[in-house]
Amino acid sequence: MLLSAWFLRLFLLSCLIVGVLRFHQQRSERQMRIELARQEGRLLMGNGAEPATLDPHLATGVPEHHIFDALFEGLVATTVENPDANGPGVASHWDSTDFTTWTFHIRPEAKWSDGVKLSAHDFVYAFQRILSPQLGAEYAEMLYPMVNAREFNEGKLNDFSAVGVKAIDASTLRISLSGPAPYLPSMLKHYAWYPVPRHVIERFGNMTDRDTPWTRVGNLVGNGSFKLKEWRYTHSITVDRNPFYWDAATVKLKELMFVPISSDATEERAFRDGQIHMTETIPLSQIPMYREKHPEFYQENALLSTYFYRFNTTKPPMNNPLVRRALALAVDRAGLIRNILRAGQKPTTGFTPPGAGEGYEAPDILRFDPEKARRLLAEAGYPGGKGFPKCEILINTSESHRTIAEAIQEMWKKYLQVEVGVLNQDWGVYLDSQRQLNYQIARAGWVGDYLDPYTFLSLWQSGDGNNQTGWSSPRYDGFLQASLREGDLKKRLAILTQAETILLQELPILPVYWYVRPILVRPEVQGLKSSLLEHRCYKAIYFKASNGG
């Protein structure tokens, strides 16, 4: 028996040693893989959720945005020096004397990734496609500043030639707006304005058919600095250098690999174990550690973005503005940032973040006021939370979103005696639930699409594809439309302030905080510049040579 016990201990010790050696071997192999990727010029990036689509007219999320920055390019593009600057893209230059009529000159060397020449007519086709009511594009409203764009998208106008875009010839595109918009070049960098290839789309169906095979590997044709090479569902999307890109000589990397990892902890572990070069997903609990102990990896970048909750205003109790206001006033935003987030975020006092437009400040209305919140909830018919129906906060799969939801859940319980659950759904299902208004409260985030407050306030117009709250206000819509016709900047910003005041009084949404984007990047990754709008200029990124050469 003693001998058997000795052999058992020896066996267990051997297993432990083998396990430790195997762990270090696997970790060494992972480090070798990422070093090999660096040597081969392949950048590996965590990209959060699996993208819902690679059609720029049907996408709405940040995971898709990151990929579109590689596959497509608009009339105006990011610059190597500053991703938020307005540099030449498909258009080599443009001009406007009144900020209402704009002329863009298409560069002669512009081509699709299959070598087919790209022209002004491709943009006319793309704008008609995204505005066609049959397509049902949620970002169609982005093009509403153009003359008659709204009317065409809403089916009130059938003749697209009356919309404010025209190809004067193959090399000249003219865009006519309903009113002056000096911010148009910034707006044109958003993927809603990107060209799409008619010669490919109509090979697989009609212009307005959704989810056809044109976006699959072997079919998708773009015009960006990279082209689609491989899509291994739930594993990775790989793009490689596009030889037909007009500025191909500037592109330094050979490939980009976007890795979808829905778990914050798993993505951070992938970075720590050397499986990816960069990630924008960090568990909240890990941020202090990286900031203090690994500053060589950690960055905090300013971001023009708001973290907020949507309310479904079509169903009780969220159809009652008193309830919505009570819930909003019972959120201790400063405490949430101080105790939970800890990455330099700012508590919201309105919806539009600072920096959205020169001279614009969001109305300073929202404040933590639990006493007033209790009075409003009682006035709504739920004194002390009595009789308040069961509700849930809908989140997409993410430890950080769950942590924030549970903190707010606890605040509502503490200050209002209201019980609220948390419902987790995968990215695609979560997006669909909001579109179908199949939720009560849903977390959301919005990154500005261009540098102007309209990019935040336009979401809440009646019928906007990104509204998804059921809320509608004719007064609010009127102010937004008036802002598009006002040429005086000061008067225009005053109109938008009036609109945001209505939004914050009726609160179809609950602003929580203004973002700072914490990211982890390996020191060998060079040329990655921060962007208020989360634009990435991939052609500027390169790897620093290793010490070995």
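A: Leu507 has a relative accessible area of 0% and is therefore buried; buried means under 20% relative accessible area, exposed over 50%, and partly exposed in between, with a 1.4 Å probe and protein chains only. This is a predicted model, so local features need pLDDT of at least 70 and side-chain atom pairs count only at pLDDT 80 or more, while totals for chains, interfaces and linings use all residues. Residues are numbered from 1 along each chain as its sequence is written, and side-chain values use heavy atoms, with hydrogens and water left out.

Leu507 sits in the loop between helix 16 (489–506) and strand 17. Helices (H or I, at least four residues) and strands (E, at least two) are DSSP runs, numbered from the N terminus. The backbone of Leu507 deserves a look too: its phi is near 50 degrees, a positive value in a residue other than glycine. Most residues other than glycine have a negative phi, and most peptide bonds are trans.

Now follow the chain into strand 17 (residues 509–521). Of its 13 residues, 13 are buried, so strand 17 is largely enclosed by the rest of the structure. Its pairing partners come next; two strands pair if DSSP finds at least two bridges between them. Strand 12 (residues 298–311) runs antiparallel to strand 17 and is joined to it by ten bridges. Within strand 17, Ile509 stands opposite Arg310. Strand 13 (residues 346–347) also pairs with strand 17 in the antiparallel sense, over two bridges, and Tyr513 in strand 17 is the bridge partner of Pro347. Strand 11 (residues 278–279) is antiparallel to strand 17 as well, with two bridges joining them. There, Met278 has Val521 of strand 17 as its bridge partner.

From strand 11, let us move on to Ile282, which lies in the loop between that strand and helix 8 (287–293). Ile282 has a relative accessible area of 6%, so this residue is buried. Leaving out residues up to four places away in sequence, Ile282 touches Ile287, Tyr290, Tyr298, Ser400, Pro518, Ile519 and Leu520, where contact means heavy atoms within 4.5 Å.

Pro317 is placed in the loop between strand 12 and helix 9 (321–329), and a cis peptide bond with omega of about 5 degrees joins Pro316 and Pro317. Asn148 lies in the loop between helix 3 (120–131) and helix 4 (149–153). Like Leu507, which has a positive phi, Asn148 has a positive phi, here about 65 degrees, although it is not a glycine. With a relative accessible area of 27%, Asn148 is partly exposed, whereas Leu507 is buried.

For another enclosed strand, turn to strand 10 (residues 255–259). Five of its five residues are buried, so strand 10 is largely enclosed by the rest of the structure. Glu255, Met257 and Val259 point one way from the strand, and Leu256 and Phe258 the other way. Strand 1 (residues 42–46) runs parallel to strand 10, joined by five bridges, with Leu44 opposite Met257. Strand 9 pairs with strand 10 in the antiparallel sense over four bridges, and Ile237 stands opposite Phe258.
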